[in-house]
Amino acid sequence: MSGRVLVGVKRVIDYAVKIRVKPDNTGVVTDGVKHSMNPFCEIAVEEAVKLKEKKLIKEVVAVSCGPQQSQETIRTALAMGADRGIHVDVSGKDYENLGPLQVSKILAALAKQEDAQLILLGKQAIDDDCNQTGQMTAALLDWPQGTFASEVSLEGDKINLVREIDGGLEHIKINTPAVITADLRLNTPRYATLPNIMKAKKKKIATVKPADLGVDLTSRLEVLKVEEPPQREAGMKVETVEDLVVKLKEAGRV
């Protein structure tokens, strides 16, 4: 395969930030909060860049959906080695309601427009934890999919994958074009060096609207309320298994 790869890069609240719920319970606090690229998306970018370095693909295109700040996430991908970026401008209420299905429609439309041979995504995002975008994108395009990939190798128009599943590892071979979602052990993302960060500023980022792609962002889901998780109780100390069973029965847990 010597084609174009689309890589999804999502802007999320940084993993080291403590999440706070808004006082009116309509969502989480994002103003003034540090954001960064979703860690699994970083792994997807790294894998795409490695494939290009091996001359197995010709171009890596980073795609992000969201407000203007999403371009910062794309710049990070460009500094890691992506060739150009596409910012799908989604803001306001549409951004608040943006879910895996809407993003999948955007990615599917872009894949056709860009004549992509491969879509690489993180297996999930650390904010909503949905783990659905890759699967939905493959379904919309009617492409084969390789999810939870921990090893990827290309052989012509075939892709060999090692998938992490509940029972261990699964080895599969799929045809291209295809959708792959990256698991944690696929690789270790590189740090963007200062020279590459400077070069990234000169790389092109195209901005499009969902309407330009013929995508309707209407969602049938509505978030009614967001609450803090319940406080965890202090752990109990027991001397024997029998004492533990008694304590659990008293707490109504067995």
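**Exercise 1. Which residues are linked in a network of salt bridges?**

Solution. Start with the ground rules. This is a predicted model, where local features need pLDDT of at least 70, side-chain atom pairs count only at pLDDT 80 or more, and totals for chains, interfaces and linings use all residues. Residues are numbered from 1 along each chain as its sequence is written, and side-chain values use heavy atoms, with hydrogens and water left out.

Step 1: know the test. A salt bridge is a side-chain nitrogen of Lys or Arg within 4 Å of a carboxyl oxygen of Asp or Glu.

Step 2: read off the network. Its members are R4, E59, R84 and E114. The structure holds 15 salt bridges.

**Exercise 2. Find where R190 and E53 sit in the chain, and say whether R190 is buried or exposed or in between.**

Solution. Step 1: check the contact. The side chains of R190 and E53 form a salt bridge at 2.8 Å, N to O.

Step 1: Helices (H or I, at least four residues) and strands (E, at least two) are DSSP runs, numbered from the N terminus.

Step 2: look at exposure. Buried means under 20% relative accessible area, exposed over 50%, and partly exposed in between (1.4 Å probe, protein chains only). R190 has 28%, so R190 is partly exposed.

**Exercise 3. Work through the salt bridge of E96 and K93.**

Solution. Step 1: the two side chains meet at 3.6 Å, N to O.

Step 1: both residues lie in helix α3 (residues 92–96), 3 residues apart, or about one turn of the helix.

Step 2: E96 has 58% relative accessibility, so E96 counts as exposed. K93, at 57%, is exposed too.

**Exercise 4. Say where M198 is found and how exposed M198 is.**

Solution. Step 1: look in helix α6 (residues 194–200), and there you'll find M198.

Step 1: with a relative accessible area of 44%, M198 is partly exposed.
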